Amino acid sequence: MNMRAVIVGEHGGPEVLALSEVDRPAPGPGQVLVEVRVAGINYMDVYQRTGAVPRQTPFTLGVEGVGVVAEAGAGVTEFAAGDRIGWFSGGSGSHAEFATVDAGRAVAIPDGVSDEQATAALMQGITAQYLATDTYPIGEGDPVLVHAAAGGVGQLLVQIARLRGGRVVGTTSSAEKAQAVRDAGADEVLGYDDFAARVRELTDGAGVAAVYDGVGAATFEGSLASLRPRGVLVIYGTASGPTPALEIPRLNSGGSLYVTRPSIAHYTAETAQLRARASQVLGWVADGELTVRIGGDYPLDEVATAYRELEARHTTGKLLLHP
């Protein structure tokens with residue numbers, strides 16, 4: 001049986017994406033075949049498409065999705081046909097009508113959370129969760145700076161930081177996006193011009209305990225300059241390009257600073273760890289403590305447009321794709 005899928009035949013820009021008719025996959029041992037209801041659009045997909053994260057072509061794009069199990073492979077006991085699950089790793093490509101997913105990388109989607117909410121809360125929500133609870137555990141009263149605070153991760157990170165009692169300064173690029181950041185609960189919202197100096201003013205010269213930076217090259221220097229002594233710069237993405245080389249003595253002169261480059265793969269390496277993080281995030285959504293914002297919803301044949309909007313940073317919130 002055939003299905004439609006977005007294929008990356010060669011590395012490049014959004015123009016290399018091709019919507020094609022391909023064979024429907026079959027689940028192998030330990031896998032489930034899922035009918036995809038909603039797929040997430042992420043920078044990880046961009047990195048794979050461009051070759052920044054190596055992956056042999058051709059391949060079906062899409063690391064994240066939510067759908068219904070159509071068939072369970074040999075040895076799968078935790079899921080059965082009809083179960084609603086989500087994933088952001090261990091899949092054959094979510095930008096398709098069907099995908100195979102390793103059962104150990106899937107999470108159950110609870111009642112009370114829609115397909116769209118779940119997709120918006122999975123990869124980006126779990127990213128925000130581990131950043132705020134583990135990479136730098138935000139404590140009561142901690143001042144933190146969140147870059148790109150109107151983005152999918154940014155809005156969730158602002159909310160989780162506030163749930164943990166943090167004081168949040170968010171940066172964004174427009175007045176429209178600034179309102180979204182305020183709605184998420186940020187105490188202060190800044191533009192990117194001279195943000196380090198403004199952060200110092202807002203903290204009475206002390207600086208922030210942590211900077212959560214998914215922008216990369218464009219904000220790196222200012223992020224370091226925004227930290228208080230023994231502060232932590234968390235670089236979790238490089239949307240504006242790779243960060244420059246860092247001379248280690250700079251950390252000492254800046255006040256015994258820390259810099260880390262975390263990856264969601266290392267914070268969800270074990271199935272139990274993955275599901276515990278997902279359970280907390282989806283529980284927050286179900287209880288109304290965490291609000292997800294959908295920034296765009298596209299059919300499968302408009303996938304290139306969706307990625308152009310994402311990469312131009314024209315969007316606010318999570319972008320979704322409906323096969």
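**Helix packing and tyrosine pairs**

Student: At what angle do the axes of α1 and α11 cross?
Tutor: The axes of α1 and helix α11 (residues 303-311) cross at roughly 105° and come within 11 Å of each other. That makes α1 roughly perpendicular to α11. Here axes are lines fitted to C-alpha atoms, for helices over the stretch in contact, and angles run from 0 to 180 degrees between N-to-C directions. Angles under 35 degrees count as roughly parallel, over 145 as roughly antiparallel, 65 to 115 as roughly perpendicular, and the rest as oblique.

Student: What should I know about the model and the numbering?
Tutor: This is a predicted model, in which local features need pLDDT of at least 70 and side-chain atom pairs count only at pLDDT 80 or more, while totals for chains, interfaces and linings use all residues. Residues are numbered from 1 along each chain as its sequence is written, and side-chain values use heavy atoms, leaving out hydrogens and water. Helices (H or I, at least four residues) and strands (E, at least two) are DSSP runs numbered from the N terminus.

Student: Which residues of α1 and α11 meet?
Tutor: From α1 they are Tyr43, Asp45, Val46 and Arg49, and from α11 Tyr307, Leu310 and Glu311. Contact means heavy atoms within 4.5 Å.

Student: Which residues of α1 are buried, and what do they pack against?
Tutor: Asp45, Val46, Tyr47, Gln48 and Arg49 are buried in α1, where buried means under 20% relative accessible area, exposed over 50%, and partly exposed in between (1.4 Å probe, protein chains only). The buried residues of α1 pack against β1 (2-8), β2 (17-23), β3 (31-41) and β4 (59-60), as well as α11. Just after α1 comes Gly51, with a positive phi of about 95°.

Student: Where do Tyr43 and Tyr47 sit?
Tutor: Both lie in helix α1 (residues 43-50), four residues apart, about one turn of the helix. Tyr43 is partly exposed, at 24% relative accessible area, whereas Tyr47 is buried, at 18%.

Student: What about Tyr130 and Tyr267: stacked or edge-to-face?
Tutor: Tyr130 and Tyr267 are stacked, 4.2 Å centre to centre with 15° between the planes. The pair links distant parts of the chain, with Tyr130 in helix α3 (residues 123-135) and Tyr267 in helix α9 (residues 264-267), 137 residues apart. Tyr130 and Tyr267 are both buried.

Student: How do α3 and α10 cross, then?
Tutor: The axes of α3 and helix α10 (residues 271-287) come within 9 Å and cross at roughly 105°. The two helices, α3 and α10, are therefore roughly perpendicular to each other. Gly125, Ile126, Gln129, Tyr130, Thr133 and Asp134 of α3 make the contact with Leu274, Arg277, Ala278, Gln280, Val281 and Trp284 of α10.

Student: Now α6: which of its residues are buried?
Tutor: In helix α6 (residues 195-202) the buried residues are Phe195, Ala196 and Val199. Seen down the axis of α6, they fall within an arc of 100°, so they line one face of the helix. The arc is that of the directions from the helix axis to the C-beta atoms. Their packing partners are β9 (143-146), β10 (167-171), β11 (188-190), β12 (208-213) and α7 (220-225).

Methods. Phe/Tyr/Trp six-rings, centres within 6.5 Å; stacked < 30°, edge-to-face > 60°.
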